[in-house]
Amino acid sequence: MSENIFLFVPNVIGYARIGLALCAFYFMPTNYGIATWCYCISGLLDAFDGHAARILNQSTKFGAMLDQLTDRCGTLGLLMVLSTFYPRFLFLFQLSTVVDVAGHWIHVQASLMQGKTSHKFIDAAENPIMNLYYTSKVQILGCK
């Protein structure tokens, strides 16, 4: 009998992140406090799903995809709302969106083409900036 990967702890954390992000998007235009708490908690949970996957031996391709999509959608939702609050910065928000989505997509595809099992396995000699991004314990801007 096989296990239901959709109910693995890291994936359940991912579902909670999606729910919190949706709650944040809903409240962003009207209640900054609730929106900020929901968005921040969703972001903090991002740090735990990967650790849970490794500790519980529940790493899956579905979980990696869920995590990546949740990160991208969270950023996109925030930038959409910021575009309505600060329309004169619309071009910068659009540019940020394109760079975020395209950059991550290209990196994941390149990793797959190289036969890597994860886009997070970066050799420091290969790309020191990406290595720092995926190995740093603390990030000030951005998410993995």
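Tutor: Here is a short chat about aromatic pairs and a nonpolar patch.

Tutor: This is a predicted model: local features need pLDDT of at least 70, side-chain atom pairs need 80 or more, and totals for chains, interfaces and linings use all residues. Residues are numbered from 1 along each chain as its sequence is written, and side-chain values use heavy atoms, without hydrogens or water.

Student: How many aromatic pairs does the structure hold?
Tutor: There are 4. Ring centres of Phe, Tyr or Trp (its six-membered ring) must lie within 6.5 Å; planes under 30 degrees apart are stacked, over 60 edge-to-face, the rest tilted.

Student: What is the geometry of Tyr32 and Phe85?
Tutor: Edge-to-face, at 5.9 Å centre to centre and 90° between the planes. Tyr32 lies in helix H2 (residues 32–55) and Phe85 in helix H3 (residues 61–85), so the pair ties together parts 53 residues apart in sequence. Helices here are DSSP runs (H or I, at least four residues), numbered from the N terminus.

Student: And which rings form a cluster?
Tutor: Ring pairs link Tyr32, Phe85 and Tyr86.

Student: New topic. Is Tyr32 buried or exposed?
Tutor: Exposed, at 54% relative accessibility. Phe85 is partly exposed at 33%, and Tyr86 is partly exposed at 44%. Buried means under 20%, exposed over 50%, partly exposed in between, with a 1.4 Å probe and protein chains only.

Student: Which residues make the nonpolar surface patch?
Tutor: Tyr32, Phe85, Tyr86, Phe89, Phe91, Leu92, Leu95 and Val99 make a patch of about 830 Å². Patch residues have over 30% relative accessible area and no salt bridge, with nonpolar side chains joined within 5 Å. A salt bridge puts a Lys or Arg side-chain nitrogen within 4 Å of an Asp or Glu carboxyl oxygen.

Student: Which helix gives the most to the patch?
Tutor: Helix H4 (residues 90–113), with 4 residues.

Notes:
Helix = DSSP H or I, 4+ residues; strand = E, 2+ residues; numbered from the N terminus. Patch = residues over 30% accessible without salt bridge, like charges linked within 9 Å, V, L, I, M, F, W, Y side chains within 5 Å. Areas by Shrake-Rupley, 256 points an atom, 1.4 Å probe, with all protein chains shown as cover.
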